[in-house]
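Subject: Structure handover

Hello,

Here is the structure for you to take over. My notes on strands, salt bridges and helix packing follow below it.

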Amino acid sequence: MQGHLLIVSRTNLLTIGYSTLSKRVSGIKYLDSFTNLVVIQNPDNESFSPPPEAITSIELKNRGVAKSRNAVIDNTQTEYLLFGDDDIKFNEDAINTAIAHLEAHKDVSILLMQAVDETGALRKRYPKQEHPLKLTNSAKAATYEMIIRVKDIKKASIRFDENFGAGAPNYLGDEYIFIADALRAGLKGYYLPIVLAIHPTESSGSFRNTKQDAVVRSRIFTRVFGIWAPLMRLLFILKPPFKKFSLRNSISFLIGR
């Protein structure tokens, strides 16, 4: 997957699709070099200050970030889509590099990259080398690290599972399930070790040693691996570092309750 990457930046080529709540709209940091789309979840009909007139916004009366992400996909008209949140700051040069990579590799439908926290430290342990995405190396993906080729995703009818993600009872895993569904549909994903975004340290996807976290993560494995989920959960527990959950929570993870 090597090639010469040309820097391009056109508003008709990439959309940054933000998902936010009504009370957080004003915190979005827009990049004028690209098309901006904002999906605002406002189930309680709260008053809020809308985005600038030049920015397309959509108001939803429901809850759940997966619903918001799906509305972003459905309303994006550009070739590429980058998912954003109201507390994200994107690296414009990295976006241009990512676009150029996608322009040079038309077989790639999902491009995954890196993010740092507010101190500049990588938010997790990322691979140092670029590589194709597989079910076994995509579980830690975050939505704001991802750019998709919109027409491929729409053609394959890939959407975020609205039973997972922030705002749903299964509050994790929507990104991984999205990638897994795409890979199983025959689409190709790729990882580049470049920093795409800055995101605050705390996140709903952060690993916690709680029974609730263990059960939700167990359900993610069931959704992704089906009948192979028990084996994959066991391999996850046995993979170093071994102490992921306490003994009690490890049992909850293995049996899913």
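Strand E2, residues 35-41, has 6 of its 7 residues buried, so the rest of the structure largely encloses it. Please keep in mind throughout that this is a predicted model.

Strands around E2

E2 has a parallel partner in strand E1 (residues 14-21), and 7 bridges join the two.

Strands around E6

Strand E6 covers residues 108-116. Of its 9 residues, 9 are buried, so E6 too is largely enclosed by the rest of the structure. E6 pairs with E9 in the parallel sense over 7 bridges, and with strand E8 (residues 146-149) in the antiparallel sense over 3 bridges.

Salt bridges

Side chains of opposite charge can pair when their charged atoms come close. The model holds 14 salt bridges; some of them are described below.

Asp 85 and Arg 69 form one of these, with N and O 2.7 Å apart. Asp 85 belongs to strand E4 (residues 80-85) and Arg 69 to helix H1 (residues 65-74), so this pair ties together parts that lie 16 residues apart in sequence. Are the two residues buried or exposed? Both Asp 85 and Arg 69 are buried; the cut-off for that is under 20% relative accessible area.

Glu 103 and Lys 106 make another salt bridge, and their closest N and O atoms are 3.3 Å apart. Glu 103 has a relative accessibility of 29%, so it counts as partly exposed. Lys 106 counts as exposed because its relative accessibility is 51%, and the cut-off for exposed is over 50%.

Lys 188 and Asp 107 also meet through their side chains in a salt bridge, at 3.6 Å from N to O. Lys 188 lies in strand E9 (residues 188-198), whereas Asp 107 sits in the loop between helix H2 (92-104) and strand E6, so the pair ties together parts 81 residues apart in sequence. Lys 188 counts as partly exposed because its relative accessibility is 47%. Asp 107, at 36%, counts as partly exposed as well.

There is also a network of salt bridges, which links Glu 79, Arg 149, Lys 151 and Asp 152.

Helix packing

Two packed helices are described by the angle between their axes and the distance between the axes. For helix H5 (residues 211-225) and helix H7 (residues 247-255), the angle is about 25° and the axes are 7 Å apart. H5 is therefore roughly parallel to H7, a term that applies to angles under 35 degrees. The crossing of these two helices is right-handed. Which residues of H5 and H7 make the contact? On the H5 side they are Lys 211, Ala 214, Val 215, Arg 217, Ser 218 and Phe 221. On the H7 side they are Asn 249, Ser 252, Phe 253 and Ile 255.

Regards

Conventions: Residues are numbered from 1 along each chain as its sequence is written. This is a predicted model: local features need pLDDT of at least 70, side-chain atom pairs count only at pLDDT 80 or more; totals for chains, interfaces and linings use all residues. Side-chain values use heavy atoms; hydrogens and water are left out. A salt bridge is a side-chain nitrogen of Lys or Arg within 4 Å of a carboxyl oxygen of Asp or Glu. Helices (H or I, at least four residues) and strands (E, at least two) are DSSP runs, numbered from the N terminus. Buried means under 20% relative accessible area, exposed over 50%, partly exposed in between (1.4 Å probe, protein chains only). Two strands pair if DSSP finds at least two bridges between them. Axes are lines fitted to C-alpha atoms, for helices over the stretch in contact, and angles run from 0 to 180 degrees between N-to-C directions. Angles under 35 degrees count as roughly parallel, over 145 as roughly antiparallel, 65 to 115 as roughly perpendicular and the rest as oblique. A crossing is left-handed if the near helix is turned anticlockwise from the far one by less than a right angle, and right-handed if clockwise. Contact means heavy atoms within 4.5 Å.
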